[in-house]
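Subject: A structure for you to explore

Hi there,

Here is the structure I promised to pass on to you. Have a look at it first, and then read on for what turned up in it.

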Amino acid sequence: MNVFRILGDLSHLLAMILLLGKIWRSKCCAGISGKSQILFALVFTTRYLDLFTNFISIYNTVMKVVFLLCAYVTVYMIYGKFRKTFDIENDTFRLEFLLVPVIGLSFLENYSFTPLEILWTFSIYLESVAILPQLFMISKTGEAETITTHYLFFLGLYRALYLANWIRRYQTENFYDQIAVVSGVVQTIFYCDFFYLYVTKGRCWEESMSIVPKEQGRAQAPLC
């Protein structure tokens, strides 16, 4: 395991903790796509079924359990504990547009036609597009809270670090996972525009994103 893999995992974990912390402190989940969080929970569930069959390391097992817990706690907070603050009117991305092609591709392109392998492949493909409902929600409302942009930044950083991890593994171990690499590149591309705006414009961009919808949509959006 190289430093890029560890930093990528930590960046991913930090993104999830930031999101959970935001919801818990504000008692509000406005601006957060519940659909994206459901997809991420599905990603972890289908990917980590090997928890019951394969032991790789304590680090690997602990991280898998933590990711699963964070994902399901987030979904519970959005659709359970703080559901009255959930902006369901703007979280309208059609999940079938992602799930149907991902399921089909998982059966067509995989390394082994076995249940666990197909589910693992499904999780890789699904993760590459799971953030789209969140990005669609931001583009629809024109609004992104500071903590939400930080969450997206660290998710994008996680993918970029994993690309570096794969390059490093190819150099040192001659290891190349075509499905993971191609899906990771696709996922990183989705973050590129957001990542550029985050780095170059920062707070100015966040503030300009939030001016119009806060005035126009105040009556419809959940109040926190």
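Let's begin with a question: leaving aside its neighbours within four places in sequence, which residues is lysine 64 in contact with? Before you check, please keep in mind that this is a predicted model.

The residues touching lysine 64, with those sequence neighbours set aside, are Tyr48, Asp50, Leu51 and Ile56. Lysine 64 itself sits in helix α3. Is this lysine buried or exposed? Its relative accessibility is 7%, so lysine 64 counts as buried, the cut-off for that being under 20%.

Staying with α3, turn to its partner α1. Helix α1 covers residues 3-26 and helix α3 covers residues 58-81; their axes come within 10 Å and cross at roughly 25°. That angle makes α1 roughly parallel to α3, because angles under 35 degrees are put in that group. The crossing of these two helices is left-handed. On the α1 side, the residues making the contact include Leu13, Met16, Leu20 and Trp24. On the α3 side, Met63, Phe67, Val73 and Met77 are among them. Sorted by class, the contact of α1 with α3 has 16 nonpolar residues, along with 3 polar and 3 charged ones.

A second pair to look at is α4 and α5. Helix α4 (residues 96-108) packs against helix α5 (residues 115-129) at an angle of about 140°, and their axes are 9 Å apart. The two helices are therefore oblique to each other. Their crossing is right-handed. Leu98, Val102 and Phe107 are among the α4 residues in this contact, and Ile118, Phe122 and Leu126 are among those from α5. What classes of residue make up the contact of α4 with α5? There are 11 nonpolar and 2 polar residues, and no charged ones.

Finally, the database record. An unreviewed UniProt entry places the feature "transmembrane region" at residues 62-80, 118-138, 150-167 and 179-199. You can compare two of these stretches with the model. Over residues 118-138 the chain is 90% helix and 0% strand, with 32 Å between the end C-alpha atoms. Over residues 150-167 the chain is 100% helix and 0% strand, and there the end C-alpha atoms are 26 Å apart.

Enjoy turning it around on your screen, and write back with any questions!

Best wishes

Conventions
Residues are numbered from 1 along each chain as its sequence is written. This is a predicted model: local features need pLDDT of at least 70, side-chain atom pairs count only at pLDDT 80 or more; totals for chains, interfaces and linings use all residues. Side-chain values use heavy atoms; hydrogens and water are left out. Axes are lines fitted to C-alpha atoms, for helices over the stretch in contact, and angles run from 0 to 180 degrees between N-to-C directions. Helices (H or I, at least four residues) and strands (E, at least two) are DSSP runs, numbered from the N terminus. Angles under 35 degrees count as roughly parallel, over 145 as roughly antiparallel, 65 to 115 as roughly perpendicular and the rest as oblique. A crossing is left-handed if the near helix is turned anticlockwise from the far one by less than a right angle, and right-handed if clockwise. Contact means heavy atoms within 4.5 Å. Ala, Val, Leu, Ile, Met, Phe, Trp, Tyr, Cys and Pro count as nonpolar, Asp, Glu, Lys and Arg as charged, and the others, Gly among them, as polar. Buried means under 20% relative accessible area, exposed over 50%, partly exposed in between (1.4 Å probe, protein chains only). UniProt positions are given in the numbering used here, feature names are shortened, and annotations may be inferred rather than shown by experiment.
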